[in-house]
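Visitor: Could you walk me through this model, please? I would like to start with its strands.

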Amino acid sequence: MEHLPHRYPFLLVDRVLELEPGKSVKAIKNVTMNEPFFQGHFPNFPVMPGVLILEALAQAAGVLTFKSINPPPSKNTILFYAGIDNARFKRQVVPGDQLTLVAEITASKRGIWKYSAKAYVGDELACEADLMCAQREV
């Protein structure tokens, strides 16, 4: 929570497992039936919305970014989505799944960060995308 501005119910990273500053991060999101979005998506067949899987990947990438900036950014620094390319969803994510979020920095220049990101359930790829975020002071 020290490295992300998000809070409940929008904090989608439960734990960082591995982090190599300037390179990559591996984190997890435990998907439970208590998630507020399951009330409406879908009441009889709960599925985690794809946009929230992408958001979880971006949050993991955000932790990586903030741990990669030296000196550390101010508390007023936020990363905003600037682009999502090549997003593909390979399997549904349902209550009881544990998402493993993997992001690698592919480029960074003048506060623009690019990542290759993948979300897995076990060994099975659930989602992949190329993400771009912009670092801004607010």
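Predicted model: local features only at pLDDT ≥ 70, side-chain atom pairs only at ≥ 80, totals over all residues.

Visitor: In which sense do strand 4 and strand 5 pair?

Guide: Residues are numbered from 1 along each chain as its sequence is written, and side-chain values use heavy atoms, with hydrogens and water left out. Helices (H or I, at least four residues) and strands (E, at least two) are DSSP runs numbered from the N terminus, and two strands pair if DSSP finds at least two bridges between them. Strand 4 covers residues 98-109, and its 10 bridges to strand 5 are antiparallel.

Visitor: Which residue of strand 5 is the bridge partner of Ala-107?

Guide: The hairpin of strand 4 and strand 5 has two residues between the strands, and Arg-110 takes a positive phi near 50° there. Within strand 5, the partner of Ala-107 is Lys-114.

Visitor: Which residue in strand 6 stands opposite Ser-116?

Guide: Strand 6 spans residues 124-137 and runs antiparallel to strand 5, joined by 10 bridges. Opposite Ser-116 stands Asp-130.

Visitor: Is Ser-74 buried, exposed or partly exposed?

Guide: Ser-74 sits in the loop between helix 1 (50-68) and strand 3 (77-89). Buried means under 20% relative accessible area, exposed over 50%, and partly exposed in between (1.4 Å probe, protein chains only). Because its relative accessibility is 37%, Ser-74 counts as partly exposed.
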